[in-house]
Amino acid sequence: MEQFSAAVNNPATLSRPRPVRPPVAGSVTERLPFTIRRVETEADLQKAVRIRHAAYARHVPDFARTLAQPEAADYDADTIVLLAESKLDGTAIGSTRIRTNLHRPLGVEESVVLPDWLQGKRLVEATRLAVDEGRVGRMVKIALVKACFMYCQDNAIDFSVATGRPPVDRQYEQMLFVDVFPEDGLVPLRHVGNIPHRVMAFEIATFQQRWTEARHPMLDFFFNTLHPDIDIGPVVLPSVPDWSELEELAVA
């Protein structure tokens, strides 16, 4: 409990309330049968870990054995964990983890060097996306993705970087993510058990424009629908130098 609280309240970050956006003309408010919120206690984290472990055990059981307990990354100051809970009984039905590159490289950069068009950009990487089985699972997954994009927009993120193994990578493709290494195909990644993944990226600034032009079926859900049940917490403002600057200071 103390370790997790220290990460949440790390003095290296400042926070301010999320900006209140004016309602879009014609937008509607929709209530979900679940809530999504930021993990703030060890008990919350344990709920996220249980749903994470169960979801990965269905598809990659060998790697899932390493996810039975919280990971060190869950406690990092540059990371938030989101938890989806059923309104009916409070059970965990989904979770994901968002990490920025504001203090250090992304997890994917343990295995690859990102191309020039992503260098010097504010990036996030969403990992450990996990949802419960059943029909509600698809809605939970979409809502968690919306929560990630809300986080990107609130915190002036340039690109979201995602990694997906087949057939999960097709879901990112359907959301108009593009390949970071189109010539390389699948790349083994250390932070996901060396399982080959497709590395993809999504530009946040052109998000709405590209989805509008593509007539994306989820456009209304993301941009024209207000979801009070999705609460990603305050905006976190870094008050320490960029991680690359810290490395330069260490070398000097």
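Residues are numbered from 1 along each chain as its sequence is written, and side-chain values use heavy atoms, with hydrogens and water left out. In this predicted model, local features need pLDDT of at least 70 and side-chain atom pairs count only at pLDDT 80 or more, whereas totals for chains, interfaces and linings use all residues.

Helices (H or I, at least four residues) and strands (E, at least two) are DSSP runs, numbered from the N terminus. Buried means under 20% relative accessible area, exposed over 50%, and partly exposed in between, with a 1.4 Å probe and protein chains only. The side chains of T79, V81, L83 and E85 point one way from strand 4, while I80, L82, A84 and S86 point the other way.

Two strands pair if DSSP finds at least two bridges between them. Strand 4 pairs in the antiparallel sense with strand 3 (residues 34-38) over 5 bridges, and L83 is the bridge partner of R37. Strand 4 also pairs in the antiparallel sense with strand 5 (residues 92-100), over 7 bridges; here I80 stands opposite I98. The hairpin of strand 4 and strand 5 has 5 residues between the strands, and G90 in this hairpin takes a positive phi near 80°.

Positive phi values also occur in residues other than glycine. R128 has a phi of about 55° and lies in strand 6 (residues 123-131). With a relative accessible area of 4%, R128 is buried. R215 has a phi near 50° and is placed in the loop between helix 6 (207-213) and helix 7 (219-223). At 76% relative accessibility, R215 is exposed. A cis peptide bond, with omega about 0°, joins P166 and P167; P167 is in the loop between strand 7 (159-164) and helix 5 (168-174).

A nonpolar core is a set of buried Ala, Val, Leu, Ile, Met, Phe, Trp, Tyr and Cys residues joined through side-chain atoms within 4.5 Å. The largest such core has 38 residues, and those with the most contacts inside it are I36, L82, F149, F177, W211, F222 and I230. Helix 4 gives the most to this core, with 11 residues. Contact means heavy atoms within 4.5 Å. Leaving aside residues up to four places away in sequence, F149 touches F177, F202, I204, F207 and F222. Another core, of 21 residues, lies apart from the largest one and includes V161, V180, V192 and V199.
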